[in-house]
Amino acid sequence: MRAAVFRQGSIVVDTLADPVPGEGQVLVKTLACGICGSDLHAAKHPRQFAELGRRSGNRFTMDADRDVVFGHEFCCEVVEYGPGTPARLKPGTLVCSIPATLVGETVQNIGYSNAIAGGFAQYMPLADKLLLAVPNGLTATDAALTEPIAVGWHAVQQARLTKQDVPLVIGCGPVGLAVIAGLAIKDVHPIIAADYSPARRALALKMGADIVVDPAEVSPYETWQHAATPDGFIDTRYARVFGIGPQQRPAVIFECVGVPGVIRHIMESAPASARIVVVGVCMETDRIEPFFGILKQLNIQFVLAYTAQEFAESLHFIAEGKVDVTPLVTGTVGLDGVSGAFAELANPERHAKVMVDPWA
């Protein structure tokens with residue numbers, strides 16, 4: 001099979017042996033796979049990515065000195081079943097899966113494994129137990145966005161929102177857009193979103209944001225204040241302590257940028273008692289000043305990925321039209337175009353999500 005292989009710091013197209021499915025596995029043909037921001041970071045800082053994976057409990061066991069085929073946002077087609085595996089789905093059935101497979105009772109990740117190729121390859125050996133048939137005639141491209149939408153849905157679920165909360169999303173890249181989609185499904189309004197990029201702000205509106213802000217011109221936190229403050233609110237400590245008059249609605253701030261300094265800035269700018277949900281994946285050393293969190297009694301929660309149930313729910317959200325993922329896809333490349341797409345994704349004005357078609 002052909003695959004886009006990350007090898008010694010570069011992405012090259014090479015021919016690899018076709019995977020052979022074992023017991024409990026299904027050989028699938030990859031039809032579409034999204035390029036994730038984590039892929040970009042792993043390619044730019046492979047040793048750091050591998051070392052952080054090791055220090056955080058070996059969730060990702062990538063060896064930076066060996067070949068790896070990225071790709072964990074995929075939709076595939078069933079080809080054949082491994083020995084002793086009942087043919088639950090017909091060949092040709094479109095399927096999605098969380099990015100993992102089973103080797104016996106051992107879970108192995110898909111996308112950052114040196115042993116198993118990810119979705120930038122033409123074939124993969126997935127676990128039958130994890131496969132979800134794609135419903136409602138959904139296209140492979142749309143179904144492949146289940147994984148990033150599930151990331152946003154998980155963050156929203158973990159936030160334990162109420163109808164009184166006023167959410168603020170900082171950063172409208174793919175992660176922030178997925179959070180906005182999840183907030184729209186949850187029907188918590190107004191949804192305020194902030195990003196420096198005009199293109200990303202436009203996408204935020206399409207995904208369900210009610211108010212978008214350019215932080216270079218308007219403070220997102222002042223915008224939140226206006227949206228969350230009722231008529232008759234008395235902004236004094238005395239009034240807050242004794243609950244005099246109408247009260248501000250609670251703040252839930254989603255950090256969806258993942259670069260050093262953002263959490264610190266949110267802590268400085270957030271209103272008292274805000275809940276901060278960190279969704280952006282920062283892989284560099286950062287610093288905060290705990291005093292802001294102490295004085296304001298902030299609650300900071302870190303989230304990652306999704307549950308199997310949230311993944312399945314996200315697939316159905318897309319299939320049932322509750323999330324329109326069409327605006328997110330801004331480009332499609334074949335395997336020969338993966339390297340160039342990694343470079344182009346650095347420009348937020350050009351792309352949100354680039355899909356890889358290993359057969360193009």
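Analyst: Contact here means heavy atoms within 4.5 Å. This is a predicted model, in which local features need pLDDT of at least 70 and side-chain atom pairs count only at pLDDT 80 or more, while totals for chains, interfaces and linings use all residues. Residues are numbered from 1 along each chain as its sequence is written, and side-chain values use heavy atoms, with hydrogens and water left out.

User: Which residues of H4 and H5 meet?

Analyst: From H4 come Pro-148, Ile-149, Gly-152, Trp-153, Ala-155, Val-156 and Gln-157. From H5 come Ala-178, Val-179, Ala-181, Gly-182, Leu-183, Ile-185 and Lys-186. By class, this contact of H4 with H5 has ten nonpolar, three polar and one charged residues. Nonpolar covers Ala, Val, Leu, Ile, Met, Phe, Trp, Tyr, Cys and Pro; charged covers Asp, Glu, Lys and Arg; the others, Gly among them, are polar.

User: Why is H4 called oblique to H5?

Analyst: Their axes lie 7 Å apart, at an angle of about 55 degrees. That angle makes H4 oblique to H5. The cut-offs are under 35 degrees for roughly parallel, over 145 for roughly antiparallel, 65 to 115 for roughly perpendicular, and oblique for the rest. Axes are lines fitted to C-alpha atoms, for helices over the stretch in contact, with angles from 0 to 180 degrees between N-to-C directions. H4 also passes H5 in a right-handed crossing, that is, the near helix is turned clockwise from the far one by less than a right angle.

User: Where is the largest cavity, and what makes a space a cavity and not a pocket?

Analyst: On a 1 Å grid over the protein atoms alone, a cavity is a set of points where a 1.4 Å probe fits but cannot get out; a pocket is an open set with protein on both sides within 12 Å along at least five of seven lines; lining residues have an atom within 4 Å of a point. The structure holds one cavity of 30 Å³ or more. The largest cavity has a volume of about 40 Å³, the space filled by probe spheres set on grid points joined across faces, edges and corners. Its lining is Leu-145, Pro-148, Ile-149, Pro-174, Ala-178, Leu-328 and Lys-353. H4 and H5 each give two or more of these residues. Six are nonpolar, none polar and one charged.

User: What lines the second largest pocket?

Analyst: Its lining has 20 residues, with Arg-240, Gln-248, Pro-271, Ala-272 and Ser-273 nearest the centre. The space is about 600 Å³. H8 supplies the largest share, three residues. Ser-273 sits in the loop between H9 (262-269) and S14 (275-278) and touches Lys-296, Gln-297 and Leu-298, leaving aside residues up to four places away in sequence.

User: How do you know that the bond from His-189 to Pro-190 is cis?

Analyst: Its omega is near 0 degrees. Pro-190 lies in the loop between H5 and S11 (192-194).

Note on methods. Helices (H or I, at least four residues) and strands (E, at least two) are DSSP runs, numbered from the N terminus.
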